[in-house]
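Subject: Structure for you to look at

Hello,

I am passing on the structure we talked about. Please open it and keep it beside this message while you read.

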Amino acid sequence: MTDRAYALFEEQQQVRGIDLNEVRSKLKALRIETPSWGYGDSGTRFKVFPKTGVPRNPFEKVEDAAVVHRLTGLSPTVAIHIPWDKVEDYGKLKRHAESLGLGIGAVNPNLFQEEDYMLGSVTNTEAAIRRKATDHLLECVDVMKETGSRDISLWFADGTNYPGQGDIRKRKAWMLESLRELYQALQPDMRMLIEYKSFEPAFYHTDLADWGMAYNYALKLGPQAEVLVDTGHHAQGTNIEHIVAYLIDEQRLGGFHFNSRKYADDDLVVGTVNPYELFLIFYQIVLASRDTNEGIRQHVDNIAYMIDQSHNIEQKIPAMIRSVLNVQTQYAKALLIQHAEIEEAQRNGDVLGAEDAVRRAFEIDVTPLLHSIREEQGLPLDPMRAYRESGYGTQILTRGKGGAS
Ligand code: LRH
Ligand code: MN
Ligand code: MN
């Protein structure tokens with residue numbers, strides 16, 4: 001059945017003038033990092049429902065992440081959050097990951113869970129608290145050296161709830177001061193990804209509220225600083241793919257935190273309510289990967305795709321499998337866009353023709369393509385089903401209830 005379905009698919013794509021060899025090799029190169037915090041009990045400021053079988057420590061989180069990679073072939077690295085994933089010996093964590101076929105990915109400092117940071121971390125009026133926060137950032141660079149991580153992902157909860165609560169311009173300067181110190185501590189092959197968020201937990205002003213501010217800090221710091229786009233961190237109606245195209249063109253798009261949102265920073269499974277948005281993000285990326293400018297092409301190759309979700313009511317490992325598969329599906333569809341048709345429509349001022357050419361790729365069923373690639377890679381055709389049948393979900397129940405954040 002797979003062979004017949006793929007033969008038909010191939011024929012249809014040949015008629016459209018799509019080079020499937022190129023599509024296949026790009027799909028096989030797709031890597032989506034999963035977050036350690038998506039495997040544990042975490043995620044909401046309301047009730048966290050403790051689950052039986054969740055990892056009890058970072059080593060077990062890595063074990064669950066390895067299962068996702070083994071079944072999907074898509075997620076060879078796992079991001080860590082410090083101190084949620086604090087361990088005595090990061091080299092040991094790295095070796096444990098490697099023994100399971102994984103690497104440790106981005107290191108995420110955490111400057112939002114200590115009482116000291118109630119009125120700000122790197123933007124606090126108290127110099128001693130700013131020092132403590134910056135020291136934590138520097139400590140994370142040491143962790144990166146031990147884990148062999150390339151990226152430090154920065155997100156600050158810093159902001160204020162009321163007018164007058166803080167001096168916005170002073171806070172801007174303090175943030176730059178801290179980021180400069182961190183930047184100077186980076187090794188030449190390390191990158192600093194600056195994440196922005198419009199609001200929450202601060203509700204009046206957030207120090208790093210949008211991509212423009214993140215981009216401005218990146219410009220001030222230097223080429224190793226880039227912007228991280230978390231899909232859940234925008235105001236309603238924001239055109240995220242426009243931001244993506246803009247940042248790619250400036251060669252400052254460091255990576256993504258993928259998740260799905262309907263109202264705010266919902267952190268749900270990516271591609272569940274926003275598949276077309278995800279597809280349109282990949283449309284911009286695929287378009288840039290065909291650019292005549294080599295710098296742009298190389299830049300696009302270095303974008304880090306990461307999931308940032310917390311699963312509170314879902315089963316955690318299947319939720320992660322679903323997430324990486326949803327990203328793969330939308331990327332596959334975007335790779336089937338017929339660019340010549342769009343370009344012709346653009347030349348002719350054919351607005352509806354251009355829109356139609358983009359949407360038609362989204363409407364293609366890519367199941368035969370994905371099955372064929374999984375077959376070639378020796379992966380299960382249906383990773384969700386393979387997980388259910390693997391018995392791993394039952395096996396981990398012996399870990400008991402509760403677990404780390
Ligand atoms: C903040 C955020 C950031 C954190 C993660 C847990 O909303 O997106 O990336 O590190 O959630
Ligand atoms: Mn995020
Ligand atoms: Mn978030």
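Helices α3 and α4 are roughly parallel to each other, because their axes cross at roughly 25 degrees and angles under 35 degrees count as roughly parallel. Bear in mind that this is a predicted model. Helix α3 covers residues 58–72, and its axis and that of α4 come within 10 Å. The crossing of α3 past α4 is right-handed. On the α3 side the residues that meet α4 are P58, F59 and V62, and on the α4 side they are L93, H96 and A97. Sorted by class, this contact has 5 nonpolar residues, 1 polar residue and no charged ones.

A second pair is α8 (residues 240–249) with α9 (residues 275–289), which pack at an angle of about 20 degrees with their axes 9 Å apart. These helices, α8 and α9, are therefore also roughly parallel to each other. Here α8 passes α9 in a right-handed crossing. From α8, the residues I240, E241, V244, A245 and I248 make the contact, and from α9 the residues are E277, L280, I281, Y283, Q284, I285 and A288. The classes in the contact of α8 with α9 are 9 nonpolar, 1 polar and 2 charged.

How do α12 and α13 run, roughly parallel or roughly antiparallel? Helix α12 (residues 339–347) and helix α13 (residues 351–362) pack at an angle of about 165 degrees, and their axes are 8 Å apart. Angles over 145 degrees count as roughly antiparallel, so α12 and α13 are roughly antiparallel to each other. Their crossing is left-handed. In α12 the contact residues are E341, I342, A345 and Q346, while in α13 they are G353, A354, A357 and V358. This contact of α12 with α13 is made up of 5 nonpolar, 2 polar and 1 charged residues.

Next, the backbone. Most peptide bonds are trans, and most residues other than glycine have a negative phi. Which residue has a positive phi although it is not a glycine? That is E200, with a phi of about 80 degrees, and E200 sits in the loop between β6 and β7. The peptide bond from E200 to P201 is cis, with omega near 10 degrees. P201 is placed in the loop between β6 (191–195) and β7 (205–206). There is also a cis peptide bond from I82 to P83, where omega is near 15 degrees. P83 belongs to the loop between β2 (77–82) and α4 (90–99).

Then the ligand. Around ligand 1 you will find W37, N108, W155, E195, K197, D230, H257, D265 and D308. That shell divides into 2 nonpolar, 2 polar and 5 charged residues.

Last, the record. An unreviewed UniProt entry lists residues 90–267 as "domain: Xylose isomerase-like TIM barrel". In the model, the chain over residues 90–267 is 39% helix and 18% strand.

To check your reading, start with the pair α12 and α13: look for the angle of about 165 degrees and the left-handed crossing. Then find E200 and its cis bond to P201.

Regards

Technical notes. Residues are numbered from 1 along each chain as its sequence is written. Chains are lettered from A and ligands numbered from 1 in the order in which they are written. This is a predicted model: local features need pLDDT of at least 70, side-chain atom pairs count only at pLDDT 80 or more; totals for chains, interfaces and linings use all residues. Axes are lines fitted to C-alpha atoms, for helices over the stretch in contact, and angles run from 0 to 180 degrees between N-to-C directions. Helices (H or I, at least four residues) and strands (E, at least two) are DSSP runs, numbered from the N terminus. Angles under 35 degrees count as roughly parallel, over 145 as roughly antiparallel, 65 to 115 as roughly perpendicular and the rest as oblique. A crossing is left-handed if the near helix is turned anticlockwise from the far one by less than a right angle, and right-handed if clockwise. Two residues are in contact if their C-beta atoms, placed from the backbone, lie within 7 Å. Ala, Val, Leu, Ile, Met, Phe, Trp, Tyr, Cys and Pro count as nonpolar, Asp, Glu, Lys and Arg as charged, and the others, Gly among them, as polar. A residue is near a molecule or strand if its C-beta atom, placed from the backbone, lies within 6 Å of it. UniProt positions are given in the numbering used here, feature names are shortened, and annotations may be inferred rather than shown by experiment.
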